[in-house]
Amino acid sequence: MITKPSDALPPSRLERVLAGEILSPPPVWLMRQAGRYLPEYREVRARAGSFLDLCYDPKLAAEVTLQPINRFGFDAAILFSDILVVPHALGQEVGFTEGEGPRLDPIAGEAALGRLDLSQATKRYERVYETVARVRSTLPRETALIGFCGAPWTVATYMVAGRGSPDQAAARLWAYRDPAGFARLIDLLVESSVEYLAGQVAAGAGVLQIFDSWAGSLPDSELDRWVIRPTVDLLARLRSRGVTVPVIGFARGVGARAPSYLAATGVDAIGCDTAMSRSTMLELARTTAVQGNLDPLVLVAGGDRLDRDVRSLLAAMTGKRHVFNLGHGIVPETPTEHVARLVALIRGERV
């Protein structure tokens, strides 16, 4: 069994909900809670060099991971990193262009897989593990620490296209034309992600989240092949290595297929995106903990609309295993005072 420095700590409120408890108020954290909406993040980012330099600098990455905890007192910190650390660690050229997002040297077919080297990934991962250890040693005892990776399908879409794309067409076409070759890329990503997540847990992460941001672009048959089965494989390999911490699956865009994803993968909790219907959330909540799904733009809007939507979601999830979160990541234009109000509303504090 993999042990971690936090094993002696009492379970956090987040871990208690994931283990089966119903808590009121629910624990709260936000996807992308460490980011450009925070002036203190922008200051660190300006002196870090490139975005990847920040991801690989344990001291600075730990600092920005802790910033939203220090400011808002969230119930969980999530490691500051990026899902494209995995292909970068494998040897793919990855860069981030301000205002344009990630740029990668595309993996155009099976022959290009030879440029990727699993044996070299561990050295780069060690800097991320140091960040995890630094954060865990500084976090309040009652605050959970979440490690994460991108799901194999979502990471593969960036690797194949060389950037984010609206329809993930390049990866879908490779999967249709050469499923055996595409499967080799997916298998490599599963193997590397297992190593990456297990190392995060050993360093102190008490919860894991798997981000499958582009799961919703696939039809049912392909969802099973490229989202569900790789996730099952990833979790089975983690458990076989003694990793016992809870895993949250965030398969964005699957909608009414979420119960099937939950049942097939065996994740311990499920993240619900902005478009997830309330009825589907309630169906999921009968058997698992659910996380989400306030619209990030409602948080930008603030005012009465924020108050109404927060209270509506809290009321709907009363008596359920609920983790309050957004339906996707917090956006850069979010006013910090709206985030403070959100936390106060959830906790029933004066606003």
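Me: Which element gives the largest share of the lining of the largest pocket?
Reply: Keep in mind that we're looking at a predicted model. Three elements, α2 (39-48), β2 (94-97) and β3 (101-104), each supply at least two residues of that lining. The largest share is 3 residues, and the element that brings them is α2.

Me: What volume does the largest pocket have, and which residues are closest to its centre?
Reply: Its volume is about 1,300 Å³. The lining counts 38 residues, and the closest to the centre are R32, R36, F51, D82 and F96.

Me: How many charged residues are in the lining of the second largest pocket?
Reply: This pocket holds about 150 Å³ of space. Its lining includes I22, L23, P25 and P26, along with L314, M317 and K320. By type, the lining has 6 nonpolar and 4 polar residues, and the charged count is 1.

Me: Now over to strand β5: how many of its residues are buried?
Reply: β5 covers residues 207-212 and is mostly covered. In a regular strand, side chains alternate between the two faces of the sheet. Here V207, Q209 and F211 point one way, while L208, I210 and D212 point the other way, and all are buried. So with buried meaning under 20% relative accessible area, the count for β5 is 6 of 6.

Me: Which residue of β5 is the bridge partner of F148?
Reply: Strand β4 (residues 144-150) runs parallel to β5, and 5 bridges join the two. In β5, the partner of F148 is Q209.

Me: Which residue in β6 does D212 stand opposite?
Reply: β5 also pairs with strand β6 (residues 247-251), in the parallel sense and over 5 bridges. Together with helix α10 (residues 220-240), these two strands make a right-handed β-α-β unit. In β6, the residue opposite D212 is A251.

Me: Is V232 buried, partly exposed or exposed?
Reply: V232 lies in helix α10. Buried means under 20% relative accessible area and exposed means over 50%. V232 has 32%, so it counts as partly exposed.

Me: What separates the C-alpha atoms of V232 and T265?
Reply: Leaving aside neighbours within four places in sequence, V232 is in contact with A264 and T265. V232 and T265 are 33 residues apart along the chain, and their C-alpha atoms are separated by 4.9 Å.

Definitions and conventions:
Residues numbered from 1 in each chain as written. Predicted model: local features only at pLDDT ≥ 70, side-chain atom pairs only at ≥ 80, totals over all residues. Heavy atoms only, no water. Buried < 20%, exposed > 50% of the residue type's maximum accessible area, 1.4 Å probe, protein only. Helix = DSSP H or I, 4+ residues; strand = E, 2+ residues; numbered from the N terminus. Pairing = 2+ DSSP bridges. Right-handed = clockwise from strand over helix to strand, strands pointing away. Contact = heavy atoms within 4.5 Å. 1 Å grid on protein atoms, 1.4 Å probe; cavity = no way out; pocket = protein on both sides within 12 Å on 5 of 7 lines; lining within 4 Å. Points joined across faces, edges and corners; volume = space filled by probe spheres on them. Nonpolar A, V, L, I, M, F, W, Y, C, P; charged D, E, K, R; others polar.
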